[in-house]
Amino acid sequence: MGSADDGNSSYGQKAFKRSKSHFADRVTADGRDGWPVEAGRYRLVVSRACPWASRAVISRRLLGLEGTLSMAIADPIQDDRSWRFTLDPDDRDPVLGIRYLSEAYDKRESDYPGGVSVPALVDVPSGKLVTNDYQQLTLDLATEWTALHRQGAPDLYPRALRDEIDTVMAEVYEDVNNGVYRTGFATGQEEYEEACAGVFRRLDLLTSRLARQRYLVGGTLTEADIRLFTTLVRFDAVYHGHFKCNRWKLAENEVLWAYVRDLYQTPGFGDTVDFDHIKRHYYQVHTGINPTGIVPLGPDLAGWLTPHHRAELGGRPFGDGTPPGPPPPQEQVPAQGRP
C-alpha cells in the first residue's frame, strides 16, 4: 500500500494503477541475492490497516517466525512522508531507530519510483530496505525460511498444489484483492461499473467453490486462503461503503460469511486483525473519496465470533501440524480493534 504523497488526495480523480514493487530482492536460504535467511537480521514493517501487509503478518504468525523475524507496526494514519512510527515511544521504531519507513528506503536508493509501501523487509544491521515485493515475500516466508519455522508449522505453499494455488491467487488478485481498489478509485461511471461487476462476478464463483470445500485449494490452509481473507475481512467495514462495492454485504452471503468467520476464528488470522486501524486508515487517509475524514461507527463486529459450521465440510486447517500459540503481548491487538 503506497505513501500519502503518491496521491491519497487524488484517489477518485485519476485512473488507478497499482505500482509494481520496485525493490524485488529476495531473502533466501542460499542468499543468492545477497540476503540469506538469518534469525534476528531482518525487521518486517507492516500496517495492520493494509491488506497486502496483513498477508505477511498472518504468514509470520502461522509459521512461528515471531522470535526470529521482528515486526514493526506503523501508525495507520500517514502524513506527507507516509508510514510513520508514531505508535512507538519517541515516535521512533525501537529497533531501526527511525521515525519514517522512508528512511530505510532512502538508505537503499534515492529517487525510487512507486512511493513508500508496506510490507517492507529491512536489514537491521545496515538499516536498508531489502524488499517491498508483497507478492513474493510471503511465498518466501513459506518456502525459503523453513529452517526457522516452528515445529508443527503448516505448509502454506505445498509443491503438489502450487499450480492450482497460483491460478486461484491470480484470479483473486485481479478481481478481488485489486478489484476493490479499482472499484473504489474509479473516476467514471463506466469504469466503476466494470470493476464492481468484476468483483462480484469473482465472489460468486468463489461462493460456488467454497460451498463444497472448506478451503480454496486442498484440505488445509494455504497461501491462497490468506490472500482472500485479507480482503474479505475488510469488506463490510470499508469496501462495501467506502469503495462502493455494495451489491451485497459479505454478511449477506451465507457461504463467504461462514468461510471468513472460520478463518477469523483460526489462530493466526483473527488475532492479527485490528478493525480500528483498518477503518481509520481508509476513511481518514483517502481524502480524495472521503474528504470529510468521518469514520463510520459500523458495522457491528459481534458476528465475527459466532459459529460457522465449516468443519462439517471436512479438512483440517493445519493438516498434520498444529496451530500457533498466542501472539506475543506486545503484538496483541488492542481491545478497541477487536469484536
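Two strands are taken to pair if DSSP finds at least two bridges between them, and helices (H or I, at least four residues) and strands (E, at least two) are DSSP runs numbered from the N terminus. The structure is a predicted model, in which local features need pLDDT of at least 70 and side-chain atom pairs count only at pLDDT 80 or more, while totals for chains, interfaces and linings use all residues. Residues are numbered from 1 along each chain as its sequence is written, and side-chain values use heavy atoms, with hydrogens and water left out.

On these terms, an open sheet of 4 strands is found in the order S2-S1-S3-S4, with mixed pairing. Its edge strands, each pairing on one side only, are S2 (70–73) and S4 (128–131), and neighbouring strands are turned by 35° against each other on average, direction ignored; axes are lines fitted to C-alpha atoms, for helices over the stretch in contact, and angles run from 0 to 180 degrees between N-to-C directions. Strand S3 (residues 120–123) pairs with S4 in the antiparallel sense over 3 bridges, and Val122 stands opposite Leu129 in S4. In the hairpin of S3 and S4, with 4 residues between the strands, Gly127 takes a positive phi near 75°. Helix H1 (residues 51–63) lies across S1 (42–46) and S2, running at about 130° to S1, where contact means heavy atoms within 4.5 Å.

Most residues other than glycine have a negative phi, and most peptide bonds are trans. Lys244, in the loop between H8 (235–239) and H9 (254–264), has a positive phi of about 60° and is partly exposed at 42% (buried means under 20% relative accessible area, exposed over 50%, partly exposed in between, with a 1.4 Å probe and protein chains only). A cis peptide bond with omega of about 5° joins Val118 and Pro119, the latter lying in the loop between H2 (102–108) and S3. The peptide bond from Gly298 to Pro299 is likewise cis, with omega near 0°, and Pro299 is placed in the segment after helix H10 (275–285).
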